[in-house]
Amino acid sequence: VALAANEKNLEHTGVPQIPAPKRVMNALAWLDVKTPAKKENGSLRAVVEKYPFLIAKGIESFQENWELCPDSIDYGTAVMYRPDRVDKVFSCGGTCKGRCGSCWFG
């Protein structure tokens, strides 16, 4: 939780803000339902260990990215295997020229 408190928009403020327990529970529930990561087999724990900022994200952020996700990418699986990519946008117009799969699965 302490690592999640230093979310990108808070890292330069000097004082980390711990996310509300309800927000953390909602993020964990969303991940458990929408991704192959499950509490029962420990894969959800492994995903959160890789990228602790996931538990500080709001459900709106997950949904927004999900809606922007191209059909060729399974967002739930991508979140599980590449959690560090969650804050990236799709079709960002970077040097890859819209090859989102390169970023999400590379």
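User: What makes a set of residues a nonpolar core?

Analyst: A nonpolar core is a set of buried Ala, Val, Leu, Ile, Met, Phe, Trp, Tyr and Cys residues joined through side-chain atoms within 4.5 Å. In this predicted model, the largest such core has 16 residues. Leu31, Leu54, Phe62, Tyr75 and Val86 have the most contacts inside it.

User: Which elements give two or more residues to this core, and which gives the most?

Analyst: Helix 1, helix 2 and helix 4 (75-81) each give two or more. Helix 4 gives the most, with four residues. As background, nonpolar side chains tend to be buried together in soluble globular proteins.

User: How many helices and strands are there in the protein?

Analyst: Five helices and zero strands. The pattern along the sequence is α-α-α-α-α.

User: How much of the protein is buried?

Analyst: Of the 106 residues, 36% are buried. The accessible surface comes to about 6600 Å². Carbon and sulfur atoms hold 56% of that surface.

User: Where is confidence lowest, and where is it highest?

Analyst: Helix 5 (residues 100-105) is lowest, with a mean pLDDT of 60. Helix 1 is highest, at 92. The protein averages 76, and 67% of the residues score at least 70.

User: Why is the pairing of Glu49 and Arg45 called a salt bridge?

Analyst: Take the distance. The N to O separation between the two side chains is 2.9 Å. The cut-off is 4 Å, from a Lys or Arg side-chain nitrogen to a carboxyl oxygen of Asp or Glu. The value of 2.9 Å is within 4 Å, so the pair qualifies. A search of the whole structure finds one salt bridge.

User: What separates Glu49 and Arg45 along helix 2?

Analyst: They are four residues apart in helix 2 (residues 43-50), which means about one helical turn between them.

User: Are Glu49 and Arg45 buried or exposed, and how do you know?

Analyst: Exposed means over 50% relative accessible area. Glu49 has 56%, so Glu49 is exposed. Arg45 has 53%, so Arg45 is exposed too.

User: Why is Asp32 called buried?

Analyst: Asp32 lies in helix 1 (residues 21-34). Its relative accessibility is 17%. Buried means under 20%, so Asp32 counts as buried.

User: How do you know that Asp32 has no salt bridge?

Analyst: Look at the nearest side chain of opposite charge. That is Lys38, 4.4 Å away.

User: What makes Thr35 a buried residue?

Analyst: Thr35 has a relative accessible area of 4%. The limit for buried is under 20%, so Thr35 is buried. Thr35 lies in the loop between helix 1 and helix 2. Leaving aside neighbours within four places in sequence, Thr35 is in contact with Trp30, Gly76 and Val79.

User: Why is Met25 called exposed?

Analyst: Met25 is placed in helix 1. Its relative accessibility is 53%. Exposed means over 50%, so Met25 counts as exposed. Met25 and Ile55 are 30 residues apart in sequence, and 7.8 Å apart from C-alpha to C-alpha.

User: What makes Ile59 and Ser61 partly exposed?

Analyst: Ile59 has 31%, so Ile59 is partly exposed. Ser61 has 30%, so Ser61 is partly exposed as well. Ile59 is found in helix 3, and Ser61 is in helix 3 (residues 59-68).

User: Which residues is Ile59 in contact with, leaving aside neighbours within four places in sequence?

Analyst: Asn26 and Trp30. The C-alpha atoms of Ile59 and Trp30 are separated by 7.1 Å, and the two residues are 29 apart along the chain.

User: How many residues apart along the chain are Ser61 and Val86?

Analyst: They are 25 residues apart, with 9.2 Å between their C-alpha atoms. Across the protein, among contacts with a separation of 6 or more, 56% join residues 24 or more positions apart.

How values were computed:
Residues are numbered from 1 along each chain as its sequence is written. This is a predicted model: local features need pLDDT of at least 70, side-chain atom pairs count only at pLDDT 80 or more; totals for chains, interfaces and linings use all residues. Side-chain values use heavy atoms; hydrogens and water are left out. Buried means under 20% relative accessible area, exposed over 50%, partly exposed in between (1.4 Å probe, protein chains only). Lys and Arg count as positive and Asp and Glu as negative; His and the chain ends are not counted. Contact means heavy atoms within 4.5 Å. Accessible areas come from the Shrake-Rupley method with a 1.4 Å probe; for residues, only the protein chains shown count as cover. pLDDT is the predictor's confidence in each residue, from 0 to 100.
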